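The briefing below goes through selected parts of a predicted model. Please keep the sequence and the coordinates at hand while reading the grouped points.

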Amino acid sequence: MKFDAGRRRTIKVIAAGMAGASLGPELLRAPDASSMTAPMTGTIQSSGRRLPVIGMGTWQTFNVGGDEQLRLARTEVVRAFVEHGGGMVDCSPMYGSSAAVMGFALERLGAAESVFSAEKVWTRDADETRDQIAGQAAEWGLERFDLMQVHNLLGWEAHLETLFEMKRKDEIGHVGVTTSHGRRHAELERVMERQPLDFVQLTYNVTHREAEQRLLPLARDKGIAVIANRPYDGGRLIKGIQTRHEVPGWAIDAFDCRNWADFLLKFIVSHPAITCAIPATTQVQHMHENMRAGRGPMPTPELRERMVRHVESL
Amino acid sequence: MTGSAAGFLEDSAGYSLVDFVPFSAEVYFRLIERVGETFWPLHALALLLGLGSTVLAWRVRPRLACALLAIPWAWTGITFLGQRYAELNWAGRWFAGAFGLQAAILLLLTAIGAGFDRTEGGALGRQPRVPYAAGLLLAMLGVVIYPIIGPLSGFGPFQAETFGIHPDPTAVATLGIALVALRGAALWLAAIVPLLWCMVTGLTLQVLDAAWAVIPPAAAAVALIFTAWKSVRSFAR
């Protein structure tokens, strides 16, 4: 699948604005002044390709089974994502029907080329690697994934061997490994040092910054792109913070921070080692907020330190 | 066990409870609703089956009660867990298998004909009275009370969980009916799967912030206590 985050995206967004009468009310609200600025992109060092810094996750949010009503609702979330320029969509066989629901949405929208498809292998059986990838590809309705990752480092030795072979044959675009919840960082570090990875995925947010110590510097040194998962700590962080606190005025002044989604996501993607963050949502309005966080001014290193201190003080 | 399932178990250390539930509350309660809509008006027949099983167990027809109970376990295992829930959770296939196993256990006990408690529970005679009373209360909780919990909590009429249609009331009522109808090893055998399911669904509902999350584990605790009580009293005699 070809992904081009450049001019084609801009044309699509402008075209969406011109075709406003055919769009839903959420989309009509979407392209405000700042959202029409170009989305910030991160570079996949190994291939030189660029990705919008805000992607989307699908854990829990897209696992709706065969429920037609909810499938259509999730399709609107993907529509908003695509209208903002699209980018990485991350999924896993562990996420139940999420891949099938994403396939449903992409087929309905005709938008398969607007996403950078990131999937995972999640089995300890080395003989299942190719079969599981083929099964997930069928669910997505794709022939080839842009990125295939080993989920939570499960059976990574055997899977990586297969994945690198598939990459050589151009059956997948990139290869990566994942972890989450701050687990197995020592093992992840060893894998990063020894394997020619294109991507790693790990948990990084304003309250979980362990990766700053060794993994993010190592990723920069090795030229490995980094996906930040759990940017809202599974939703608990943003739900807890936005119900009790206002966004600080200095953040509004300094980098046009309009809401806590802006605050939390801009903190993540302004780290120089982070390629993209993958927040998940079931709400179109939240998708707009997430995607807007990938545009406009970003916090400086000094401001990032202030953001940490501010959240710790709450 | 598939590689994914084994991988999940191997990989589960360090997760919090919420990470074991791969769907949202909206999706789960929509599933309850869709199943309710799909099988309406089968609910009336299922309720009659539940009431009938309870009365038969109470009025010294435990073998027939046990045979009838196998039907809702097989039905919910296939239609709820196997055909729908398994779309959302890889473990759904295993849960469906467990429900099928429970149906097989109930039919096996019926076929063997051993382990039935033929005490006239209704007369509350010389046999331990409290386990019978607790069993009847659990059966009524599963069959009669459960369908009104959802609507009383603000959910729609098709989100009323019904014995024989949805797994939770089926498990709770079965614990009660088994407590009345069975004794000894047969009682324990018939209670294992419902007890485990009550714990699984209680934890799931807790993650989903359901107001009634405590009911299935509380019912399991009551059933466990009185199953043990009944066993000890039987052994003592």
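Strand β8 of chain A, residues 199–203, is mostly covered, since five of its five residues count as buried.

**Strand β8(A) and its side chains**
- F199(A), Q201(A) and T203(A) point one way from β8(A), while V200(A) and L202(A) point the other way, and all are buried.

- β7(A) and β8(A) run parallel and are joined by three bridges, with V177(A) standing opposite V200(A) of β8(A).

**Helix α6(A)**
- Helix α6 of chain A covers residues 156–168, a run of 13 residues, and reaches 18 Å from its first C-alpha to its last, which is close to the 18 Å expected at 1.5 Å a residue.
- The residues W156(A), H159(A), L160(A), T162(A) and L163(A) of α6(A) are buried.
- Viewed down the axis of α6(A), these buried residues fall within an arc of 165°, so they line one face of the helix.
- The partners against which the buried residues of α6(A) pack, in chain A, are β5 (115–121), α5 (129–140), β6 (145–150), β7 (172–178) and α7 (185–194).
- On the face of α6(A) turned away from its buried side lie the exposed residues E157(A) and R168(A).
- Just after α6(A), the residue D170(A) adopts a positive phi of about 60°.

**Chain B**
- Chain B contains nine helices and zero strands, and its pattern, read along the sequence, is α-α-α-α-α-α-α-α-α.
- Of the 237 residues in chain B, 46% are buried.
- Among the contacts in chain B with a separation of 6 or more, 73% are accounted for by residues 24 or more positions apart.

Terms used:
Residues are numbered from 1 along each chain as its sequence is written. Chains are lettered from A and ligands numbered from 1 in the order in which they are written. This is a predicted model: local features need pLDDT of at least 70, side-chain atom pairs count only at pLDDT 80 or more; totals for chains, interfaces and linings use all residues. Helices (H or I, at least four residues) and strands (E, at least two) are DSSP runs, numbered from the N terminus. The expected span of a helix is 1.5 Å times one less than its number of residues. A residue is buried if 20 or more other C-beta atoms lie within 10 Å of its own, exposed if 12 or fewer, and partly exposed in between; C-beta atoms are placed from the backbone. The arc is that of the directions from the helix axis to the C-beta atoms. Two residues are in contact if their C-beta atoms, placed from the backbone, lie within 7 Å. Two strands pair if DSSP finds at least two bridges between them.
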